Amino acid sequence: MFSRSPVPLPSFEKLLAEVDSNVRHVYDSENVPDAERKDIETNMLISGTVHRRLWPAVEALLTKTVSALREETNVAELYFHDVSWLGLSDDGASDRWKTEHRLDVIRKTE
């Protein structure tokens, strides 16, 4: 699977490590307690919004990390890569299914 990926695996691993490092840096520099970290991350999963405390990490991701990744990745190949196997689509049938079904994103079940 990774051999066919439009993003080289080492680049993806580097991206994940940098995101982790930036988030840890924010938490450590602001002395965010473990309980609050858990709440912040749980709310991100549930609501899909980024807590204001993590905005510096997002800014670093969008300005530095993604720029470096872009140099290592064929952006056109990434854009046109076949992701149909994910089952995500914006066609009429998919839109109807999404309105008729509710998914639990935590348990990943219908």
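Arg-37 and Asp-34 form a salt bridge, with 4.0 Å between the closest N and O atoms. Both residues lie in helix α2, three residues apart, about one turn of the helix. The model is predicted. A search of the whole structure finds six salt bridges, one cavity of 30 Å³ or more, and a nonpolar surface patch that includes Leu-88.

**Salt bridges**

- Arg-24 pairs with Asp-20, the closest N and O atoms being 2.9 Å apart. These two residues are four apart in helix α1, so about one helical turn separates them. Asp-20 is partly exposed, with a relative accessible area of 38%.
- Glu-30 and Arg-53 meet through their side chains at 2.8 Å, N to O.

- The largest cavity holds about 50 Å³ of space. Helices α1 (9-29) and α3 (55-72) are the elements that give two or more residues to its lining.
- Ser-11, Lys-14, Leu-15, Glu-18, Thr-65, Ala-68, Leu-69 and Glu-72 line this cavity. The lining divides into three nonpolar, two polar and three charged residues.

**Nonpolar surface patch**

- Val-83, Trp-85, Leu-86 and Leu-88 make up the patch, which has about 460 Å² of accessible area together.
- Leu-88 lies in the loop between α4 (75-80) and α5 (92-100) and is exposed, with a relative accessible area of 67%.

Definitions and conventions:
Residues numbered from 1 in each chain as written. Predicted model: local features only at pLDDT ≥ 70, side-chain atom pairs only at ≥ 80, totals over all residues. Heavy atoms only, no water. Patch = residues over 30% accessible without salt bridge, like charges linked within 9 Å, V, L, I, M, F, W, Y side chains within 5 Å. Areas by Shrake-Rupley, 256 points an atom, 1.4 Å probe, with all protein chains shown as cover. Buried < 20%, exposed > 50% of the residue type's maximum accessible area, 1.4 Å probe, protein only. 1 Å grid on protein atoms, 1.4 Å probe; cavity = no way out; pocket = protein on both sides within 12 Å on 5 of 7 lines; lining within 4 Å. Points joined across faces, edges and corners; volume = space filled by probe spheres on them. Nonpolar A, V, L, I, M, F, W, Y, C, P; charged D, E, K, R; others polar.
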